[in-house]
Amino acid sequence: MTVAVARVLNPQFGQNTYVVRASEQAAEAVVVDPGGDPAPLLEPGATVAAILVTHTDLDHIVGVADLHRATGAEVWVPAGEADVLRTGAPRAGGGLPPHDPEHLVVDGDVVRAAGLELKVVGIPGHSVDHVAYCVDGALFSGDLLFASSVGRVDLPGGDWETLIGSIRRLLDRFGPDAVVYPGHGLPTTLGRELESNPFLGELRAAS
């Protein structure tokens, strides 16, 4: 199966929301990290069946409550960060509409929605309980890894060694051809970043 992925850029934060379907013709979609106005996600062509959150920084969840209200889609969020969404108080400040998520996820879970089976992989480092959602060689990995960069670790819950270990784990499990759909910037692959990302020198040396 080759999934269909549409990237919606939220200009306020330069953050990517992804609309994922089992095929271009599929009637249902999963939305990953709705970080802004939900209106662009409600275009005709697909029904929102689930809302998935990789981590609970403001720019990745500010649209969750509104999208849930507009569609009725249930929300999956990392168990260790769910209180941020419940209270509407993210770690870097700012406020957002709270939402009590219907589902908590941990490493090893599988989310079944919209004809997809998305594996949940724990990838802490940028935040304390950050996860990736993985399906058919596509990794929706939030702010762990970007094209030629990595996620920041200077906020509460961030840790450099943990972040590098999470990237190594993705490489070991999914291999260099896996496509990374990051929270900011354009898609890349694990292999491309291992070869050229200036922040991954220690991983290159160990490979």
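Which residue forms a salt bridge with D66? Hold that thought for a moment while I set things up.

What we have here is a predicted model, where local features need pLDDT of at least 70, side-chain atom pairs count only at pLDDT 80 or more, and totals for chains, interfaces and linings use all residues. Residues are numbered from 1 along each chain as its sequence is written, and side-chain values use heavy atoms, with hydrogens and water left out.

Okay, back to D66. Its partner is R69, and the closest N and O atoms are 2.3 Å apart. By salt bridge I mean a side-chain nitrogen of Lys or Arg within 4 Å of a carboxyl oxygen of Asp or Glu. Count them by that rule and you get eight. D66 and R69 both sit in helix α2, residues 64–71, and because they are three residues apart there, about one helical turn separates them. A quick word on naming: helices (H or I, at least four residues) and strands (E, at least two) are DSSP runs, numbered from the N terminus.

Are these two buried or exposed? D66 is partly exposed at 30% relative accessibility, and R69 is exposed at 57%. The cut-offs are these: buried is under 20% relative accessible area, exposed is over 50%, and partly exposed is in between, using a 1.4 Å probe and protein chains only.

Now slide along to helix α3, residues 82–87. D83 and R86 both lie there, three residues apart, about one turn of the helix. They form a salt bridge too, with the closest N and O atoms 2.6 Å apart. D83 is exposed, with a relative accessible area of 52%, while R86 comes out partly exposed at 34%.

The side chains of R169 and D107 meet in a salt bridge, 2.9 Å from N to O. R169 lies in helix α4 (160–174) and D107 in the loop between β6 (103–105) and β7 (110–113), so this pair ties together parts that are 62 residues apart in sequence. R169 is partly exposed at 34%, and D107 is partly exposed at 37%.

Let's move to the strands. Two strands pair if DSSP finds at least two bridges between them. β3 and β4 pair in the parallel sense, over five bridges. If you want one to look at, find A29, whose bridge partner in β4 is V48. Then β4 is joined to β5, residues 74–78, by three bridges, and those strands run parallel. There, A50 has E74 in β5 as its bridge partner.

Where is D33? It's in the loop between β3 (28–32) and β4 (47–52). D33 counts as buried, because its relative accessibility is 2%. Leaving aside neighbours within four places in sequence, its contacts (heavy atoms within 4.5 Å) include Q15, T17, L52, H55, H60 and G142. Take G142: it is 109 residues from D33 in sequence, but C-alpha to C-alpha they are 7.9 Å apart.

What about the inside? A nonpolar core is a set of buried Ala, Val, Leu, Ile, Met, Phe, Trp, Tyr and Cys residues joined through side-chain atoms within 4.5 Å. The largest one has 23 residues, and V30, L52, V111, L116, L118, Y133 and F140 touch the most other members. Among the elements giving two or more residues to this core are β2, β3, β4 and β7. Apart from it lies another core, of 19 residues, including L145 and I164.

Next, aromatics. Rings of Phe, Tyr and Trp (its six-membered ring) pair if their centres lie within 6.5 Å; planes under 30 degrees apart count as stacked, over 60 as edge-to-face, and the rest as tilted. How many aromatic pairs does the structure hold? Three. One of them is Y18 with Y181, edge-to-face, at 5.5 Å centre to centre and 75 degrees between the planes. Y18 lies in strand β2 and Y181 in strand β13 (179–181), so the pair ties together parts that are 163 residues apart in sequence. Both are buried, and together with F140 they form one aromatic cluster.

Last stop: N197, in the loop between α5 (190–196) and α6 (201–206). N197 counts as buried, at 0% relative accessibility. Not counting residues up to four places away in sequence, N197 touches L145, F146 and R204, among others.
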